[in-house]
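Please keep the sequence and the three-dimensional view at hand while reading.

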Amino acid sequence: MTEPTREDPIQHQSDGRRGVFFIERDGRRVAELTYSRGDDATIVDHTWVDPSLRGGRSARRLVDAVVQWARSEKIRLVPTCSYVRLVFARTPEYADVR
């Protein structure tokens, strides 16, 4: 499997309280980031990428997508996922959604 490209859009599904940003390829989910909305903040709790894509940009693209969504919704993100916590710690530009 190859790294997702621009042809592999990030999709978003939500039921209002829980949601997921994901990448599908050939009808199969190959990467995802999940969250749950609370009263004061949204908890980003899980990121998964197919082993064949690890080390690429898939996970970071998902984090970028959830940050853009949080900005548009004017909500705060609380990363409990270790990967998202690391990205937030290394990306001062995300301070506005923390």
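**Briefing on the predicted model**

D26 has a relative accessibility of 79%, over the 50% cut-off, and therefore counts as exposed. The structure is a predicted model. D26 belongs to the loop that runs between strand 2 and strand 3. Although D26 is not a glycine, its phi is positive, at about 55°. The points below turn to other loop residues, then to the aromatic rings and the nonpolar core.

**Other loop residues**

- K74 is located in the loop between helix 1 and strand 5 (77–79).
- Like any residue over the 50% cut-off, K74 counts as exposed, because its relative accessibility is 74%.
- K74 is a residue other than glycine, yet its phi has a positive value near 55°.
- D39 lies in the loop between strand 3 and strand 4, and with 74% relative accessibility D39 counts as exposed.
- From C-alpha to C-alpha, D39 and G55 are 34 Å apart in space, while in sequence they are 16 residues apart.
- R17 occupies the loop between strand 1 (10–14) and strand 2.
- The relative accessible area of R17 is 47%, so R17 is partly exposed.
- When neighbours within four places in sequence are left aside, the contacts of R17 are Y35, S36, R37, G38 and D39.
- R17 and R57 are separated by 40 residues in sequence and by 27 Å in space, C-alpha to C-alpha.

**Aromatic rings**

- The model contains four aromatic pairs, counted with ring centres within 6.5 Å.
- In one of these, the ring centres of F21 and Y35 are 6.0 Å apart and the planes meet at 40°, so the pair is tilted.
- This pair links distant parts of the chain, 14 residues apart: F21 is in strand 2 (residues 18–25) and Y35 is in strand 3 (residues 28–37).
- F21 and Y35 are both buried.
- F21 also pairs with W69 in an edge-to-face arrangement, with 5.9 Å from centre to centre and 65° between the planes.
- Because F21 lies in strand 2 and W69 in helix 1 (residues 58–73), this second pair ties together parts that are 48 residues apart in sequence.
- W69 is buried, as is F21.
- Together, F21, Y35 and W69 make up one aromatic cluster.

**Nonpolar core**

- In soluble globular proteins, nonpolar side chains tend to be buried together.
- The largest nonpolar core of this model has 25 residues.
- Within this core, the residues that touch the most other members are F21, L33, V63, V66, V67, L77 and F88.
- At least two residues of the core come from each of strand 2, strand 3, strand 4 (42–49), helix 1 and helix 2 (82–90).
- Helix 1 supplies the largest share, eight residues.
- F88, one of the core members named above, is in contact with V63, V67, L77, P79, Y94, V97 and R98, leaving aside neighbours within four places in sequence.

Conventions. Residues are numbered from 1 along each chain as its sequence is written. This is a predicted model: local features need pLDDT of at least 70, side-chain atom pairs count only at pLDDT 80 or more; totals for chains, interfaces and linings use all residues. Side-chain values use heavy atoms; hydrogens and water are left out. Rings of Phe, Tyr and Trp (its six-membered ring) pair if their centres lie within 6.5 Å; planes under 30 degrees apart count as stacked, over 60 as edge-to-face and the rest as tilted. Helices (H or I, at least four residues) and strands (E, at least two) are DSSP runs, numbered from the N terminus. Buried means under 20% relative accessible area, exposed over 50%, partly exposed in between (1.4 Å probe, protein chains only). A nonpolar core is a set of buried Ala, Val, Leu, Ile, Met, Phe, Trp, Tyr and Cys residues joined through side-chain atoms within 4.5 Å. Contact means heavy atoms within 4.5 Å.
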